[in-house]
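Visitor: I would like to learn how to read a structure feature by feature. Could you walk me through this one?

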Amino acid sequence: MSALEPYPYDRLAELQGLAAAHPEGAVDLSIGTPCDPPPEVVEAALARAEGLPGYPPSAGTPEARAAAADWMARRFDVRVEPGQVGLCVGTKELVATVPWLLRQRRPERDLVLCPAVAYPTYAMGARLAGCRVLAIPEGPGGRPNWGALSSETLRRALLIWVNSPANPSGALTDLEEAAAFARAAGVPLFSDECYVELTWQGPPRTVLAGGAEGVVAVHSLSKRSNLAGLRVGCFAGDPGLVGELVQLRRHLGMMVPAPAQAAAVAAWADDEHVALQRDRYRRRLERLAGALGAAG
């Protein structure tokens, strides 16, 4: 494999220096890291947590997997068994390693499909697995143009990534359409839904609403609960895909620390702090939109 490209945010160092020279300093919007405090209910759970002497379950404790499944039932009205859920050390490590893990069983497939404008780790994860990356052509409104993908492309596809609401555009994908396409093509679909709690109109949507066959939903506590430093996410869906990933990840020692898992249980069990954060973000968004509009 050729030399890896620089870490995406390192490319901004020169621009950050220019911005910092401005009389009012820099406003750094490069990395979406939370700046608000985490919920008190989570901090309390973290302080009470036990389990430091022993290794935590790589798949997640029964309590953590059940809490994630219960949250999905409340928010999405979908039934997911705890055994269809696995924990990850923040979703970035899952995004980066999924192609490599899947390719252990499917080495003949060497193509990862992802949105044309997207989180850079989709592409980097593919490259680390020795795969090529193909941006899914965009159709009207920025939606994926599934019809533009050839049969040869799909024959070599290891997995398809979709991201809704999308980072960085905020666009929404028809997840039911995406799942139907992926199932028909016989390609696993991974739906990155890390921003699903930050939607302003109507209920949040998950790819699991149309069933778990052939699909995996990826969720995070980083933005939902201002817990980026805790490093807890989860993946849920097709029992075969989830089970395969859980087993492979055990060999790599990918484990969320036990206190973090206990805190995650409290975070997934509480919806009030999420509603407050969603309103906080909306007010900031409206303020920014007004300022940009006033500036023309």
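Visitor: Which residue meets Arg 74 in a salt bridge?

Guide: This is a predicted model, and a salt bridge here needs a side-chain nitrogen of Lys or Arg within 4 Å of a carboxyl oxygen of Asp or Glu. The partner of Arg 74 is Asp 271, with an N to O distance of 2.8 Å. Arg 74 sits in helix 3 (residues 62-76) and Asp 271 in the loop between helix 9 (258-269) and helix 10, so the bridge ties together parts that are 197 residues apart in sequence. Arg 74 is partly exposed, with a relative accessible area of 40%, and Asp 271 is partly exposed too, at 29%.

Visitor: Where do the two ends of the Asp 36 and Arg 284 bridge lie?

Guide: Asp 36 is in the loop between helix 1 (13-20) and helix 2 (40-48), while Arg 284 is in helix 10 (residues 272-294), so this pair connects parts 248 residues apart in sequence. The closest N and O atoms are 2.8 Å apart. For burial, the cut-off to keep in mind is under 20% relative accessible area. Asp 36 has 12% and therefore counts as buried, whereas Arg 284, at 37%, counts as partly exposed.

Visitor: And how far apart are the closest N and O atoms of Glu 244 and Arg 105?

Guide: In that salt bridge they are 4.0 Å apart. Glu 244 belongs to helix 8 (residues 239-251), and Arg 105 to the loop between helix 4 (91-103) and strand 2 (111-115), with 139 residues separating them. Glu 244 is buried, with a relative accessible area of 11%, but Arg 105 is exposed, with 53%.

Visitor: Let us turn to the rings. How many aromatic pairs does a search of the whole structure find?

Guide: The search finds 5 aromatic pairs. To read one, look at the distance between ring centres and the angle between planes; an angle over 60 degrees counts as edge-to-face. Tyr 119 and Tyr 122 have ring centres 5.6 Å apart and planes at 85°, so their pair is edge-to-face. Both Tyr 119 and Tyr 122 are buried.

Visitor: What is the geometry of the pair formed by Trp 161 and Phe 190?

Guide: That pair is tilted, with 5.5 Å from centre to centre and 55° between the planes. It links distant parts of the chain, since Trp 161 is in strand 4 (residues 157-163) and Phe 190 in strand 5 (residues 189-192), 29 residues apart. Trp 161 is buried, with a relative accessible area of 0%, and Phe 190 is also buried at 0%. Together with Tyr 119 and Tyr 122, Trp 161 and Phe 190 form one aromatic cluster.

Visitor: What should I look for in the backbone?

Guide: Most residues other than glycine have a negative phi, and most peptide bonds are trans. Against that background, a cis peptide bond joins Ser 164 and Pro 165, with omega about -10°. The bond from Asn 167 to Pro 168 is cis as well, with omega near 15°. Pro 165 lies in the loop between strand 4 and helix 7, and Pro 168 is in the loop between strand 4 and helix 7 too.

Visitor: Is Asn 226, with its positive phi, buried or exposed?

Guide: Asn 226 counts as buried, at 9% relative accessibility. Its phi is about 55° although it is not a glycine, and it is found in the loop between strand 6 (215-220) and strand 7 (233-237). Arg 231 also has a positive phi, about 60°, and lies in the loop between strand 6 and strand 7. Arg 231 is partly exposed, with a relative accessible area of 29%.

Visitor: How many residues line the second largest pocket?

Guide: Rolling a probe the size of a water molecule over the atoms shows where empty space is left. The second largest pocket has a volume of about 210 Å³ and is lined by 15 residues, with Pro 115, Val 117, Glu 138, Gly 142 and Ala 171 nearest its centre. By class, its lining has 9 nonpolar, 4 polar and 2 charged residues.

Note on methods
Residues are numbered from 1 along each chain as its sequence is written. This is a predicted model: local features need pLDDT of at least 70, side-chain atom pairs count only at pLDDT 80 or more; totals for chains, interfaces and linings use all residues. Side-chain values use heavy atoms; hydrogens and water are left out. Rings of Phe, Tyr and Trp (its six-membered ring) pair if their centres lie within 6.5 Å; planes under 30 degrees apart count as stacked, over 60 as edge-to-face and the rest as tilted. Buried means under 20% relative accessible area, exposed over 50%, partly exposed in between (1.4 Å probe, protein chains only). Helices (H or I, at least four residues) and strands (E, at least two) are DSSP runs, numbered from the N terminus. On a 1 Å grid over the protein atoms alone, a cavity is a set of points where a 1.4 Å probe fits but cannot get out, and a pocket is an open set with protein on both sides within 12 Å along at least five of seven lines; lining residues have an atom within 4 Å of a point. Grid points are joined across faces, edges and corners, and a volume is the space filled by probe spheres set on the points. Ala, Val, Leu, Ile, Met, Phe, Trp, Tyr, Cys and Pro count as nonpolar, Asp, Glu, Lys and Arg as charged, and the others, Gly among them, as polar.
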